Amino acid sequence: MSKRHITTTVNGDPAEFLTDPGTTLLDALRDELQLTGSKEGCGSGDCGACSVIVDGRLVCSCLMLAVEADGRRIETIEGLAHGTELHPLQQKFLEHAALQCGFCTPGLLMASKALLDANPDPTEEEARYWLAGNLCRCTGYDKVIRAVLDAAADMRQERRVSA
Ligand code: FES
Ligand code: FES
């Protein structure tokens, strides 16, 4: 089967790759673009480890075909930090010890970013509901939720200071 040429934007940079029609976006990110931060936990849309943001919407990259990324804007965990400066979510995950093995963490961080992009001041219930699709076998979730709400508060404060 002939490969398709895909032109997209990944973390603000233009990106091109060749892919088979049946290849998932997750496999293309990992195998064609060497962006291995997004993880495959289940491959069936159940765990959220593969979460990325496409044109501003949170998606499971294991459920999206790479060919569907043509002309789209993709954000992955690799674009979250700015150089050596961690995103507030990453910083708060560290401070709250909101990770253990870390396998779920890239997906949780991208889902959390999508939450705070859509709702900068979520309640605990809203955060828990939003992140319900991201499974973690290690943390028990409380530290994750605390980290997300703490990051949201810091980001709101930062916006007030710079306004
Ligand atoms: S690997 Fe995509 S949802 Fe689990
Ligand atoms: S930190 Fe191990 S699965 Fe979440």
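Trainee: Before we start, what should I know about the model and its numbering?

Mentor: Residues are numbered from 1 along each chain as its sequence is written, while chains are lettered from A and ligands numbered from 1 in the order in which they are written. Because the model is predicted, local features need pLDDT of at least 70 and side-chain atom pairs count only at pLDDT 80 or more, while totals for chains, interfaces and linings use all residues; side-chain values use heavy atoms, with hydrogens and water left out.

Trainee: Why is the stretch 105-118 called helix α3?

Mentor: Helices are DSSP runs of H or I with at least four residues, strands are runs of E with at least two, and both are numbered from the N terminus.

Trainee: Why is K113 called buried?

Mentor: Buried means under 20% relative accessible area, exposed means over 50%, and partly exposed is in between, using a 1.4 Å probe and protein chains only. K113 has 15%, so it counts as buried. This lysine sits in helix α3.

Trainee: What makes α3 as a whole largely enclosed?

Mentor: Twelve of its 14 residues are buried, so the rest of the structure largely encloses the helix. Among them are T105, G107, M110 and L116. The buried residues pack against β3, β4, β5, α2, α4 and α5.

Trainee: How do you know which residues K113 is in contact with?

Mentor: Contact means heavy atoms within 4.5 Å. Leaving aside neighbours within four places in sequence, K113 is in contact with I53, E75, L80 and L89.

Trainee: Why is the pair E75 and K113 called a salt bridge?

Mentor: A salt bridge needs a side-chain nitrogen of Lys or Arg within 4 Å of a carboxyl oxygen of Asp or Glu. Here the closest N and O atoms are 3.0 Å apart, so the pair qualifies. E75 lies in strand β5 and K113 in helix α3, so the bridge ties together parts that are 38 residues apart in sequence. Both E75 and K113 are buried. The two also belong to a network of salt bridges that links R73, E75, K113 and D117.

Trainee: How many salt bridges does the structure hold?

Mentor: It holds eleven. One of the salt bridges joins D150 and K92, with the closest N and O atoms 3.4 Å apart. This pair links distant parts of the chain, with D150 in helix α5 and K92 in helix α2, 58 residues apart.

Trainee: Are D150 and K92 buried or partly exposed?

Mentor: One of each! D150 has 24% relative accessibility, so it counts as partly exposed, whereas K92 has 9%, so it counts as buried.

Trainee: Why is the pairing of S51 and N134 called a polar contact?

Mentor: A polar contact is a pair of N or O atoms within 3.5 Å; within protein, one must be able to donate a hydrogen and the other to accept it, and residues adjacent in sequence count only if both atoms are side-chain atoms. The side chains of S51 and N134 are 3.5 Å apart in this contact, so the distance is within the limit. The S51 side chain also has a polar atom 2.7 Å from the backbone oxygen of G48.

Trainee: Where does S51 lie, and how do you know whether it is buried or exposed?

Mentor: S51 lies in strand β3. Its relative accessible area is 5%, so S51 is buried.
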